Amino acid sequence: MNAGTATVPLKTRLFEYAERRLPALTRLKRVEPLPIRLDRHRIYVLPTRFGLMLSALLLVMLLGALNYNNNPALLLTCLFAAAAYQSVFAAFATLNHLQIAALRAEPGHAGGDLEFFIHFHIAARPRRSLRLRAEGAEIAFDLDHDGAVALRIPAPRRGWLRPGRVHLCSEYPFGLFEVWSWINPDFAALAYPRLEVNPPPLPRHGAQAQWEIERGGGDELAALRSYQTGDPPRNIAWKASARRDELLVKEFETPRGHEVTLDYAALRGLAHEDRISRLAAWVCMAESRRVPYALLLPQTRLDTGLGAEHRHACLRALALAPGAAS
Amino acid sequence: MKSPLPLTQPQFRLTAAAVFVAVLPHLLRLPWLISLPVLVLFALRWLQRRRGRARMPAWIKLPLVLFFPILIIFHYGNLFGREPGSALACAMLALKLMETENRRDARTAICFSAFVLMSALLFDNGLWITVLLCTALAVLFAALRALESPRTTLLPDLRSGALALAGALPLAVCVFVFFPRLGSPLWGAPNDTTARTGLGDRMAPGTMQELLIDDSPAFRVVFDNAPPPRDKLYWRGPVLWQFDGSAWTRPEWLASAPGDGEVRVRGARVGYQVTLEPSERRWLLALDVPLFAPEGAVRGADMSLVSRTRVDDPTRYRMVSAPDYVLEPVLDPQHRRLALQLPPGYDPQTRALAQRWRDEFHGNANLVIRAALDMIRDQFTYTLNAPLLGRDSIDDFLFDTKRGFCEHFSSAFTFLMRAAGIPARVVTGYQGGYFNKLGNYWVVRQSDAHAWSEVWLEGRGWVRVDPTAAVSPQRVQIGSGAAAGASAPWYQADWLMELRNRVDLVNRFWNDAIVQFNALRQQSLLTPFGVAKADYPQLMLAMIAAGSLLLGLLAWWVMRAPKATGDALDAIYAKLRRKLARAGVTHDPATGPLTLGQHASARLAAPQAVQRLLEDYVGLRYACALPAPERIQTFTRAVAALRLSAATQTARQSS
C-alpha cells in the first residue's frame, strides 16, 4: 500500500490530506445512506473559465460605456451583466432539491465495467445538462422526468465495489457557473472474479477423478486447444503438438447430466487469485453447458446445483473469498 | 474535461444568429466597401457549413485576417478610433464565425458579439435602437444555452434567453442608476464626424432639401409661460453673410468675435428651456432674438449662438428671448460692408432688376421690399422638388424656374436687397414646431428647418423678412409638411406625423431620463433619503443595498421548496388527513389509511362517512394502477363536502 502512494497524483493526495485535516469541509464526501437530497448545504458554485472571461469582457464594456458617458450602452452592459450573473440562480436551481433516490447495479466481472444505475427524483423541475463523474467514468444527461442514468465504472478487482465519490455537476444555463455536489451513496455492487481466458475443460467427477484415466463412455474428442498450466498431461495431443510447435490438449465433450465438483484445493500449482479466476471461469462454463456443479472453497461449500441463482451464489462466494493468506 | 465536441446544427445556427445580430446594426451603417465583404463571409460560411463538416482551411482564413485590416486602413486611413475600430471588430467577429467548430470557439464568438452589439450604441443611442439591441441580447443568451444543452428546436432556447433578460431587468436598472458615473472621461471622447443631418454654416441651393424631409427631432422647448404665436416662432441658427455666387457662408472671424450687439427690448421677454438633440455641430438654437448666451457658448454680433464645444450629447440650456426688439439700431460700418457684399460677375439680370426698383422708388427701402415680396407672391411656387439651377443661380431662379423653397426664396431676396443697396443677410434656423399636449412641450424637427432674410432699415435695425411666407403663408402658420402639400412623401402624411408627434413623448423621456443622465444628476439621486449630494461611496452603498435586496428576493425564490410532488389523488388525500387532524383524529405521516380509519371510528361520533372515504382512497390508490379521472373527481367532491367539526363537538361532549 505504501508503495502505491508515490504514484498517486499530487492533486488526489492533497484532497486526501484535506479530507483528513478538514473533515468539516469535506464531511459530505463520506458515505451516506440513500436517498440523498441535494440542498444549499452541499451545493457548491464557482465561475467557470468562460465566466471569468465574460467578466473581463464586461469590465471592458463597462469602462467603454462610462468613458463615453453613453448611457444606453451602459444600460445594455448592465442588462447583459445582470442576466449573466443571475444565471447563477438558474445554475443553483439545477441541482437544488434534486434527489438521488436509489442505486442499482448489475454484477459484472473484475477487469470489466460495472454498470451502476442511479435513480433520480427530479422534484417537479426538469434538470438540464447534468454531468456525473466518478472514477474513470463520465456521463452527461438531461432529466426531464424521474429516471435512472447508467454510469459504467471499471472494476479493478473482485469483491464489493462502491461507485465512490461521484461528482455531480452542471454548467447550465449559460456555462458561466459550475455548480457541483459530491455524492457518496452507501451502496456497493458485486464484482465477480476475473474470468480466466481460455480455461482448461471442466474437471470430471470431482477433484480426485481429475487425474484418473477414464476412457470410453460417452466422451468424444471435441477439439484441440492450446495448453494451459494445470492441464492433465494425459490430455496432451502429442502428435498434433509436434506438428504445430506448441502443446495442444484434447478437449472432450462432457455429456449432459454429468456432475462436476469445482474444488479449490484440487487446483494445486496455481496462485490463489488464479485459482479463483479459473473456478469462476468453470462456473460460467458449466452453467453455459448446463452441467450441474458444486463449488468447494476453503471456507465455503456450495452443493451441486444449476441455474442463475446457483451461479450467482457461486460467483458471489468466489468474489468474496478472502485474499491470499500471505 | 471540456470535450471538443463539434457543434450540432442548431447550436451552430444560434451562434451564427447571435453573431449576425451583433454585426447587423453596424452593417447598415458601414460603407459597402466593408459591409459587403463581411456579408460575403457570412454567405461563404453558410454555404460551407451546408456542404459538409470540413474545417475552413488555413489558406483561406489567413489571407482574410490580413485582408480586412488593409481594407479598413484603405478606407479610413487607420485602424483606431470609433469608426475603423468597429469596422474591424465586425470583420474579426465574422472571421471568428468562419472557424467556429466547437463549443469553446462558439462561446468566444458570442462573448465578443455582446461587445460589438454594445459598440453599435456608440453611434446611435436612440430609444428604439437601444431597445432593439437589448432585445438582441436574448439571441446571445439563447445561443449560450443551446451550447449547454443541445436540442433540435430553437424556440425553447430563445424563450429562455428572453426570460433571462426580462428577469435581469430590475437588477440592470438598479446598477444602471447607481453605478457611479465618471465626471470626466478616462481617455479621449469620440470625435469622429458622422454625416448627421442638421443645420450647416453653408447654404447652397439644395443643401436643405435633405433636412426638410428628415423628421427626427432637432430640439425640444418648454416655455415658462404662454409661448408666442406659432408664426412668430423663428428659431435663430447660423447667420450667413457671404455669398460667392452659389453658396452663402458665415465668415469665420465673426463667429470668434463676440459682439455685444445692441438690442433694445420693446415688449415682453420670453423665458424657456431648450433641449438640443446631438447635432455634431456647434450651433445652439434660440428664439429670435436671444438676450444672452448660455453657459459655454458665445453670442456673435449677429445674434447667433455658438457653443464652445461640439454638441455631441443632448444639451439643455435656459434662454430668455425678446420677440419684439430693435437690433443694432446703428449699423456697424464693417457689418454694412459685409451686408452689401455681392460676388462680381454673377446674376446680371437680378442686379438690373434691383437697380430698376431702386431708381423707381428713389431708394425707399420699404417700397423695394414690398415690390420684391409682391413679385415673389404673384409669380412663384413653393415646392420641395425645385429644379436645378445653373451658374447664375439667382437669375435662373427669379426669371426662369420660379419654383423652390425657403432656401431659394431667402437667397434670392437677400441678393435682390443687396443689389438694391439695402444691407441684408440670410438667417437659417427652424421655424415653428409641434406642441405636444401630453408632455406640455414643443418639439421642433429637422424638417422645420428654415431660412429667411434680415434687412437693415434706418431706425428699425435688422428686420426679419420671410419671403417664403409671402409665397406660402401656411409654411409659417401650419408647418413644412402642410406647405409641401401633395408633394409630401407618404411618411409625412398628416395622421402619421400626428402619431409620430405623440410618440415623441417617449423619445423625450428617453433623452431626459436615460441619455442625459450624468454624474451631476446622479448626485441628486439620493435626495429623498436625506443625502443632498451623494458621493461615490454613498452611491455604491445604495447600489449594493438595492442590488442585495433584488438578489435576496431571487435567492429566496430559487431556494423555496418545490411543490409537494405526487399526483392529484395524493393532494386530496392530504386534504382529507388535514381535515381529520383538525377534527382531533391524531395521526403521523406513517399512519396508513386503514389505521387512520380505526382512529377515526374511535374519535368521531359519525365515522361512517370517513370510513367510506378512506375505503374509496384505498381502492383508488392500491386497487388499480391508474384510476379514472372521473373517480378522482367524485372522490375530490366527497372530501370537499365532508364536514367534521360538528361531529367532533358532539363526540367530545358525549365522551
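**Ground rules**

I first noted that residues are numbered from 1 along each chain as its sequence is written, and that chains are lettered from A and ligands numbered from 1 in the order in which they are written. Since the model is predicted, I kept in mind that local features need pLDDT of at least 70 and that side-chain atom pairs count only at pLDDT 80 or more, whereas totals for chains, interfaces and linings use all residues.

**Entry 1: the two chains**

I looked up the secondary structure, in which helices (H or I, at least four residues) and strands (E, at least two) are DSSP runs numbered from the N terminus. Chain A has 9 helices and 17 strands, and chain B has 25 helices and 20 strands.

For burial I used C-beta atoms placed from the backbone: a residue is buried if 20 or more other C-beta atoms lie within 10 Å of its own, exposed if 12 or fewer, and partly exposed in between. On that count 36% of the 326 residues of chain A are buried, and for chain B the figure is 37% of 655 residues.

I then turned to contacts, which are pairs of residues whose C-beta atoms, placed from the backbone, lie within 7 Å. Of the contacts in chain A with a separation of 6 or more, 67% are between residues 24 or more positions apart; in chain B, 71% of the contacts between residues at least 6 apart in sequence join residues at least 24 apart.

**Entry 2: where the chains touch**

**Entry 3: a helix pair across the contact**

I followed H5(A) to helix H7 (residues 155-178) of chain B, where the two pack at an angle of about 120 degrees with their axes 7 Å apart. Axes here are lines fitted to C-alpha atoms, for helices over the stretch in contact, and angles run from 0 to 180 degrees between N-to-C directions. Angles under 35 degrees count as roughly parallel, over 145 as roughly antiparallel, 65 to 115 as roughly perpendicular and the rest as oblique, so H5(A) and H7(B) are oblique to each other.

Among the residues that meet here are A:Leu75, A:Cys78 and A:Leu79 in H5(A), and B:Leu165, B:Ala168 and B:Leu169 in H7(B). By class, this contact has 14 nonpolar, 3 polar and no charged residues.

**Entry 4: a helix pair within chain B**

I also checked helix H1 (residues 9-27) and helix H4 (residues 82-98) of chain B, which pack at an angle of about 160 degrees with their axes 10 Å apart. That angle makes H1(B) roughly antiparallel to H4(B). B:Val19 and B:Val23 are among the residues of H1(B) in this contact, and B:Cys90 and B:Leu93 are among those of H4(B); by class the contact has 8 nonpolar, 2 polar and no charged residues.

**Entry 5: sheets**

In chain A I found an open sheet of 3 strands in the order E15-E16-E17, with mixed pairing, where two strands pair if DSSP finds at least two bridges between them. The edge strands, each pairing on one side only, are E15 (260-263) and E17 (301-305) of chain A. E15(A) pairs with E16 (residues 293-296) of chain A in the parallel sense over 4 bridges, and A:Leu262 has A:Leu295 as its bridge partner in E16(A). Helix H9 (residues 308-319) of chain A packs on this sheet and touches E16 and E17 of chain A, its direction making about 155 degrees with that of E17(A).

In chain B I noted an open sheet of 5 strands with antiparallel pairing, in the order E12-E7-E2-E18-E17. Its edge strands are E12 (315-321) and E17 (434-436) of chain B. E17(B) is joined to E18 (residues 441-445) of chain B by 3 bridges, and the bridge partner of B:Phe435 in E18(B) is B:Trp442.

Conventions: Two residues are in contact if their C-beta atoms, placed from the backbone, lie within 7 Å. Ala, Val, Leu, Ile, Met, Phe, Trp, Tyr, Cys and Pro count as nonpolar, Asp, Glu, Lys and Arg as charged, and the others, Gly among them, as polar.
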